[in-house]
Amino acid sequence: ATLSAAASKVFLSYQHGGLLFTESQAVRDAIIKLGAGDSTTTVTKNSNTVTDLIEGVTLTLTKADPAAAVTVDITRSTQGVNGAVNSLVKAINDTEALIEKNTFFDSNTNETGALFSDSNLFIVRSRVSAILTGVVESVPAGKLRALREVGISLSPDTGRFIFDSSKLSSLLSEKPDEVRNLFASVALPSDGDIKALTFTDKTKTSTSAGYDLQITQAGTRATDEGKQNVSAGLTQNETLTITVGAAAATVSLTNGMTAEQAASAINSALQGAVITNVRAVFNSTTGKISILHDSFGSKFSFTVKSSLANGTAGGTGLGGPAADTDVLFIGRDVAGTINGEAATGEGQTLTGNTGNASTEGLQLLVELTPDQLAEQGSSQGTVSVSRGVASRLEELLAFLTDTSQDGPIQGAIEEANERVEDLQSQIDSVNARIERERLRLSEQFARLEQALGTLQTTSAFLSRQLAQISANSASLASSPRR
């Protein structure tokens with residue numbers, strides 16, 4: 001890998017009346033070139049800390065030196081993997097203990113756990129068990145296909161999983177790729193010129209035979225290969241103008257320059273015009289100078305104009321057959337199919353189309369050159385898509401817990417909510433009846449109070465009348481008779 005990062009400095013000086021900031025160099029992105037020769041990939045970053053160039057590796061760029069190649073050695077640590085697997089086994093055993101705690105039945109007391117006879121829980125338990133004790137069918141026979149082969153087995157005495165970390169450590173050293181394929185989601189092309197980049201949950205797991213891969217066009221970068229052999233140097237004065245987008249670089253090449261000097265002069269002019277994704281190279285085998293884009297595909301292009309026709313002896317042979325004419329050079333996108341299904345190419349990346357039955361979202365990096373493709377033919381082997389134990393567990397957990405999926409847990413939640421709604425409806429109905437009865441009794445009580453009041457008034461009237469009658473009777477009895 002060749003690392004190059006443009007640094008920026010800002011000087012601070014104090015003057016009477018305020019602060020003056022002077023920019024010594026314009027801020028630029030970091031430029032990293034990974035690989036060598038035609039397979040070089042150029043990446044631009046707005047930070048000197050790069051975490052997504054090499055999986056699991058963080059690069060810290062401290063200085064820029066485009067001429068110096070930096071080799072990054074990466075070693076594998078098995079300790080972290082053992083720790084992660086041990087945590088997985090512990091989590092599985094803890095889950096099983098939790099299930100037992102909530103599904104028990106005591107024949108002596110007839111007591112049961114809160115989830116005793118819950119069918120959803122038994123479905124979950126069965127599916128998890130099938131994943132943990134079964135084989136990964138998409139992994140070819142003869143490879144590591146089951147957890148028991150890497151030291152994770154079920155104890156017949158306790159019903160719990162046990163983990164032999166020493167066995168896994170040994171296999172991580174001897175067969176790291178097979179261990180990875182057992183646990184993780186991977187896509188494995190059979191051809192060394194093709195690499196799997198990623199796939200989505202829409203991509204279907206293949207059989208161990210994989211998906212057939214047909215490549216009909218290799219991805220290329222925009223390239224202007226000179227038509228003249230300049231191994232002996234230039235014998236003509238020549239002016240080149242290279243244009244990329246709105247930026248243009250002009251360089252004057254002179255009679256007597258060596259091919260290396262001419263290529264260096266072109267690169268200096270490109271850098272001066274801040275064109276960082278196009279470069280000139282001299283191939284000592286062919287004796288020709290080429291200008292090429294760092295990126296592949298039809299999105300990337302440049303134009304070249306030379307003061308000489310490319311057939312002029314002693315010139316670079318760059319540009320077109322006519323002098324002082326802009327000639328466009330453009331890359332091509334890879335083309336092909338995966339499992340007979342349509343795929344879209346962008347540069348060297350081939351992606352299964354949306355809506356494909358099997359390969360939607362499957363993304364491959366096809367590093368074949370046109371010459372290799374012509375020699376080998378369009379049939380480029382297969383690519384198998386495999387989901388290992390950890391990935392299948394993750395998918396199952398997503399199915400169980402994702403509210404957007406109709407899993408058993410979500411179904412149980414919805415069923416419980418329906419029961420709650422039904423009970424609430426019954427409660428509301430009872431409350432409505434109670435309210436109606438309360439109103440009826442209140443009305444009766446009001447009428448009763450009204451009647452009672454009337455009776456009390458009548459009683460008082462009658463009492464007065466009786467008293468008056470008694471008084472009259474007494475008066476008549478005490479009067480002398482005549």
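In helix H7, residues Val389, Ser391, Leu393, Leu396 and Leu400 are buried (under 20% relative accessible area, with exposed meaning over 50% and partly exposed in between, for a 1.4 Å probe and protein chains only). The structure is a predicted model, in which local features need pLDDT of at least 70 and side-chain atom pairs count only at pLDDT 80 or more, whereas totals for chains, interfaces and linings use all residues. Residues are numbered from 1 along each chain as its sequence is written, and side-chain values use heavy atoms, with hydrogens and water left out. Helices (H or I, at least four residues) and strands (E, at least two) are DSSP runs numbered from the N terminus.

The cover over the buried residues of H7 includes helices H1 (78-103), H2, H4 (176-183) and H8 (408-478), together with strands E12 (185-189) and E26 (379-387).

The protein chain contains 8 helices and 26 strands. Its radius of gyration is 43 Å, well over the 23 Å that the globule rule gives for 482 residues, so the chain is more spread out than a compact globule; the radius is taken over C-alpha atoms, and the rule is 2.2 Å times the number of residues to the power 0.38. Along the principal axes, the C-alpha trace spans about 180 × 80 × 50 Å. Buried residues account for 32% of the 482 residues.

In soluble globular proteins, nonpolar side chains tend to be buried together. Here, the largest nonpolar core has 26 residues, and Leu253, Ile266, Ile291, Phe302 and Val304 have the most contacts inside it. Such a core is a set of buried Ala, Val, Leu, Ile, Met, Phe, Trp, Tyr and Cys residues joined through side-chain atoms within 4.5 Å. At least two core residues are supplied by each of strands E16 (238-244), E17 (247-253), E18 (278-283), E19 (288-296) and E20 (301-306) and by helix H5 (259-272). H5 provides the largest share, 7 residues. Beyond its neighbours within four places in sequence, Ile266 is in contact (heavy atoms within 4.5 Å) with Leu240, Ile242, Val251, Leu253, Ala280, Ile289, Ile291 and Leu318. A second, separate core of 24 residues includes Val85, Ile131, Phe163 and Leu400.

The loop between H5 and E18 contains Ala273 and Val274. Ala273 is partly exposed at 22% relative accessibility; apart from neighbours within four places in sequence, Ala273 is in contact with Ala247, Ala248 and Ala249. Val274 is exposed, with a relative accessible area of 53%, and has a positive phi of about 55 degrees although it is not a glycine. Most residues other than glycine have a negative phi. A positive phi, near 65 degrees, is also found at Asn110, in the loop between E8 and E9.

The whole structure holds 2 aromatic pairs, defined by ring centres within 6.5 Å for Phe, Tyr and Trp (its six-membered ring), with planes under 30 degrees apart counted as stacked, over 60 as edge-to-face and the rest as tilted. One of them, Phe105 with Phe116, is stacked, at 5.7 Å centre to centre and 25 degrees between the planes. Phe105 lies in strand E8 (105-106) and Phe116 in the loop between strand E9 (111-112) and helix H2 (119-133), so the pair ties together parts that are 11 residues apart in sequence.
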